[in-house]
Amino acid sequence: MDISNRIREYLGAHGVKQVFLADKCGWSRQKTNTIVCGKRKITADELASICDALNLPYDYFYNRKAVSNPARPPSLKRRGRGKGGAA
């Protein structure tokens, strides 16, 4: 499995949208989609930007067979509803 597939799998497993990643990295949606879908090779700087945006170590996507659904990084946790309150 290549790095683009691992990134795409991570995003899907954690409910992270490509638009969120694009905004965090300062990229267009098109560039982000091209990288995530594996339409071109990812550079080391782009991988570092993705890891920074997701609060992951730089080697996170290397040598992984599959994302084993690790805990969601704190900055990506969804906000829950308060007790008894409607959203």
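Reader: Why is tyrosine 60 counted as buried?

Author: Happy to start there, with the reminder that this is a predicted model. Tyrosine 60 has a relative accessibility of 6%. The cut-off for buried is under 20%, so tyrosine 60 counts as buried.

Reader: What makes the pair of tyrosine 10 and tyrosine 60 edge-to-face?

Author: Two values settle that. A search of the whole structure finds three aromatic pairs. In the pair of tyrosine 10 and tyrosine 60, the ring centres are 5.6 Å apart and the planes stand at 80°. Rings pair if their centres lie within 6.5 Å, and planes over 60 degrees apart count as edge-to-face.

Reader: Why is the contact of lysine 31 and glutamate 46 called a salt bridge?

Author: For the side chains of lysine 31 and glutamate 46, the N to O distance is 3.6 Å. A side-chain nitrogen of Lys or Arg has to be within 4 Å of a carboxyl oxygen of Asp or Glu, so the pair qualifies as a salt bridge. Lysine 31 lies in helix α3 and glutamate 46 in helix α4, so the pair ties together parts that are 15 residues apart in sequence.

Reader: What links Lys31, Arg40 and Glu46?

Author: A network of salt bridges links the three residues. The side chains of glutamate 46 and arginine 40 meet at 2.6 Å, N to O. The whole structure contains two salt bridges.

Reader: Are lysine 31, arginine 40 and glutamate 46 buried or partly exposed?

Author: Lysine 31 has a relative accessibility of 28%, so it counts as partly exposed. Arginine 40, at 33%, counts as partly exposed as well. Both values fall between the 20% and 50% limits. Glutamate 46 is at 8% relative accessibility, so it counts as buried.

Reader: How do you know that the buried residues of α4 line one face of the helix?

Author: The buried residues of α4, which spans residues 44-53, are Glu46, Leu47, Ile50, Cys51 and Ala53. Seen down the axis of α4, these residues fall within an arc of 165°, so they line one face. The face turned away from that buried side carries the exposed residues Ala44 and Asp45.

Reader: What covers the buried residues of α4?

Author: The cover includes α1 (3-13), α2 (18-25) and α3 (29-36).

Reader: Why is threonine 32 called buried?

Author: Threonine 32, in helix α3, has a relative accessible area of 0%, so it is buried. Its side chain reaches the backbone oxygen of serine 28 at 3.0 Å. Leaving aside neighbours within four places in sequence, threonine 32 is in contact with Gln18, Leu21, Ala22 and Trp27.

Reader: What makes serine 4 buried, and which residues is it in contact with?

Author: Serine 4 belongs to helix α1. Its relative accessible area is 6%, so serine 4 is buried. Beyond neighbours within four places in sequence, serine 4 is in contact with Ile35, Val36 and Gly38. A polar atom of the serine 4 side chain lies 2.9 Å from the backbone oxygen of isoleucine 35. The C-alpha atoms of serine 4 and valine 36 are separated by 5.1 Å, although the two are 32 residues apart along the chain.

Reader: What is the average pLDDT of the chain?

Author: The chain averages 83, and 72% of the residues score at least 70. Over residues 78-82 the pLDDT is below 50, and this stretch has four contacts in the model beyond near neighbours in sequence.

Terms used
Residues are numbered from 1 along each chain as its sequence is written. Side-chain values use heavy atoms; hydrogens and water are left out. Buried means under 20% relative accessible area, exposed over 50%, partly exposed in between (1.4 Å probe, protein chains only). Helices (H or I, at least four residues) and strands (E, at least two) are DSSP runs, numbered from the N terminus. The arc is that of the directions from the helix axis to the C-beta atoms. Contact means heavy atoms within 4.5 Å. pLDDT is the predictor's confidence in each residue, from 0 to 100. A polar contact is a pair of N or O atoms within 3.5 Å; within protein, one must be able to donate a hydrogen and the other to accept it, and residues adjacent in sequence count only if both atoms are side-chain atoms. Rings of Phe, Tyr and Trp (its six-membered ring) pair if their centres lie within 6.5 Å; planes under 30 degrees apart count as stacked, over 60 as edge-to-face and the rest as tilted.
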